[in-house]
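Let's go through this one by asking what each label rests on. Have the sequence and the 3D view open.

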Amino acid sequence: MWQMMKITVCRMRLIKCGVRLVKEIKEIGYVPDMSHVLLYVDEQEREVKLQYHSEKLALAFALLKTPPGSTIRIKKNIRVRVCGDCHSAFKYASLVVEREIILRDTNRFHHFYRGSCSCGDYW
């Protein structure tokens, strides 16, 4: 019983961190790109689906578990490139959290720092 409660509390902390991060990056100009949601659902539901992309969850987990100021490294181990919405969100997130974020997808490394990416937006 305790383990189940512990997992639920950890999951809620992760979700809250992700939601708070999206709220903060929206305040500085991030606009979710709904074209990267493949489901036929209404506009509000599409935005929620974008928040649960694996890269964004990994970023929220890293923010919870790593010391402030440290570099965050995320490897996407699915045979798909980073979607355009996540790429844009990570650029804004690097500004908000004031950290370097390195994201590896199937084609390249993306180094996000101070609102820009090393790929020159050629993802």
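A contact means heavy atoms within 4.5 Å. This is a predicted model, where local features need pLDDT of at least 70, side-chain atom pairs count only at pLDDT 80 or more, and totals for chains, interfaces and linings use all residues. Residues are numbered from 1 along each chain as its sequence is written, and side-chain values use heavy atoms, with hydrogens and water left out.

Q: Among contacts between residues at least 6 apart in sequence, what share joins residues at least 24 apart?
A: That share is 58%.

Q: How many helices and strands does the protein have, and in what order do the elements run?
A: There are 4 helices and 4 strands, taken as DSSP runs numbered from the N terminus (helices are H or I, at least four residues; strands are E, at least two). From the N terminus on, the order is α-α-α-β-α-β-β-β.

Q: Why does Arg 13 count as partly exposed?
A: Buried means under 20% relative accessible area and exposed means over 50%, with partly exposed in between (1.4 Å probe, protein chains only). Arg 13 has 44% relative accessibility, so it counts as partly exposed. You'll find Arg 13 in helix α1. Of the 123 residues of the protein, 34% count as buried.

Q: What makes a group of residues a nonpolar core, and which residues have the most contacts inside the largest one?
A: The members must be buried Ala, Val, Leu, Ile, Met, Phe, Trp, Tyr or Cys, joined through side-chain atoms within 4.5 Å. The largest such core has 23 residues, and those with the most contacts inside it are Leu 59, Ile 72, Phe 90 and Ile 101. Two or more residues each come from α1 (2-27), α3 (54-65), β1 (72-75), α4 (84-96) and β2 (101-104). Of these, α1 gives the most, with 5 residues.

Q: Which residues does Phe 90 touch, leaving out those up to four places away in sequence?
A: Phe 90 touches Glu 55, Lys 56, Leu 59, Ile 74, Ile 101, Leu 103 and Phe 112.

Q: How do you know which strands pair, and how many bridges join β1 to β2?
A: Two strands pair if DSSP finds at least two bridges between them. β1 and β2 run parallel and are joined by 4 bridges, with Leu 103 in β2 as the bridge partner of Ile 74. β2 and β3 also have 4 bridges, but in the antiparallel sense. For β3 and β4 there are 2 bridges, again antiparallel.

Q: What is the strand order of the open sheet, and why do β1 and β4 stand at the edges?
A: The 4 strands are ordered β1-β2-β3-β4, with mixed pairing. β1 and β4 (116-117) each have a single partner strand, so one side of each is left without a neighbour in the sheet.

Q: Which residues lie on the covered face of β3, and which on the uncovered one?
A: His 110 and Phe 112 make up the covered face, while Phe 109, His 111 and Tyr 113 form the uncovered one.
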